[in-house]
Amino acid sequence: MIHQDAKKMAKISLLLADDHKIVRQGLRSLLEKLTGFECIGEVDDGVEAVNLAKELRPDIVIMEGVLPRLSGIDATQQIKAALPETKVVILSTVAASAPIMRALQAGASAYVLKDSAFEELSAAITAVNRGAIYLSPLLTKSADVQNPPERRLFGEQLIGARLTHRELQVLRMVADGSSTKEIAARLTLSVKTVETHRKQIMDKLGIHNVAGLTKYCIREGLTST
């Protein structure tokens, strides 16, 4: 019982990786004011991010996408290979489909734009800690992410051949982070019907978790408008 209580009270341990000291200090100050977060280390390049992550084994690494010596995406790949349970949140100024997909394929669980409010980073950390994929809401409004020209038509045709119109609607909402109840309300369906659609989508695509569906939608240019 004591062990369980201690586990419930344990803080989410964070490692900060950014080559600007003032950014790291600012993030650390803001994060440590919030209940449940603890910054256990900070580094200013990709190689050190990998090395310190292996040493400290943080719950989450908050990683700048562009770092000296080793990019944030390459560092993410190495961290995930060594520490599969550690989650990575990428911070970037770039809102384009290609780097987002590279980050997710490397194993990142979140992609947050640096233009976002701090509350969004906090939401991303909380989401990935419970196993979700998080993307800045601004990304779903970006024309480049919604409609990557080399993918969108192919993606619509490919997925349209497998899914019904209703299943496609549900898929997009799932990928955008909507809960089953939210989807049911927006589409005027019962929760049970939405759950049935989601199971059919997963069976048809051979993808059996929300994170996988999210990555699939981004890769095929199927994020909702």
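Student: How many nonpolar, polar and charged residues are in the lining of the largest cavity?
Tutor: Bear in mind that this is a predicted model. The lining of the largest cavity divides into six nonpolar residues, no polar residues and three charged residues.

Student: Which residues line the largest cavity?
Tutor: The lining consists of Leu16, Ala17, Asp18, Val23, Arg24, Leu27, Ile62, Glu64 and Leu91. Two or more of these residues come from each of β1, α2 (21-32) and β3. The largest share, three residues, belongs to α2.

Student: What volume does the largest cavity have, and how many cavities of 30 Å³ or more does the structure hold?
Tutor: Its volume is about 30 Å³. The structure holds one cavity of 30 Å³ or more.

Student: Now an open space. How much space lies in the second largest pocket?
Tutor: The second largest pocket holds about 290 Å³. It is lined by 14 residues, and the closest to its centre are Pro58, Asp59, Glu85, Lys87 and Asn129. By class, this lining has six nonpolar, two polar and six charged residues.

Student: Which residues have the most contacts inside the largest nonpolar core?
Tutor: They are Val61, Met63, Ile79, Ile90 and Tyr111, in a core of 28 residues. The elements that give two or more residues to this core are the strands β1 (12-17), β3 (60-64), β4 (87-92) and β5 (110-113), together with the helices α3 (46-56), α4 (72-82) and α5 (97-106). Helix α5 gives the largest share of this core, five residues.

Student: How many residues are in the second core?
Tutor: The second core is separate and has 20 residues, including Ile60, Val89, Leu121 and Ala127.

Student: Where are Arg57 and Arg69 found?
Tutor: Arg57 is placed in the loop between α3 and β3, while Arg69 is in the loop between β3 and α4.

Student: Is Arg57 buried or exposed?
Tutor: Exposed means over 50% relative accessible area. Arg57 counts as exposed because its relative accessible area is 55%. Arg69 is likewise exposed, because its relative accessibility is 61%.

Student: Why does Arg166 count as partly exposed?
Tutor: The class lies between the cut-offs of 20% and 50%. Arg166 has 30% relative accessibility, so it counts as partly exposed. Arg166 is found in helix α9 (residues 165-175).

Student: Which residues is Arg166 in contact with, leaving aside its neighbours within four places in sequence?
Tutor: With those neighbours left aside, Arg166 is in contact with Leu187, Leu189 and His197. Take Leu187 as a case: it lies 21 residues from Arg166 along the chain, and the C-alpha atoms of the two are separated by 9.0 Å.

Student: What does the side chain of Arg166 make a polar contact with?
Tutor: The partner is the side chain of Gln169, and the distance is 2.9 Å.

Note on methods
Residues numbered from 1 in each chain as written. Predicted model: local features only at pLDDT ≥ 70, side-chain atom pairs only at ≥ 80, totals over all residues. Heavy atoms only, no water. Helix = DSSP H or I, 4+ residues; strand = E, 2+ residues; numbered from the N terminus. Buried < 20%, exposed > 50% of the residue type's maximum accessible area, 1.4 Å probe, protein only. Contact = heavy atoms within 4.5 Å. Polar contact = N/O pair within 3.5 Å; in protein donor to acceptor, adjacent residues only side chain to side chain. Core = buried A, V, L, I, M, F, W, Y, C linked by side-chain atoms within 4.5 Å. 1 Å grid on protein atoms, 1.4 Å probe; cavity = no way out; pocket = protein on both sides within 12 Å on 5 of 7 lines; lining within 4 Å. Points joined across faces, edges and corners; volume = space filled by probe spheres on them. Nonpolar A, V, L, I, M, F, W, Y, C, P; charged D, E, K, R; others polar.
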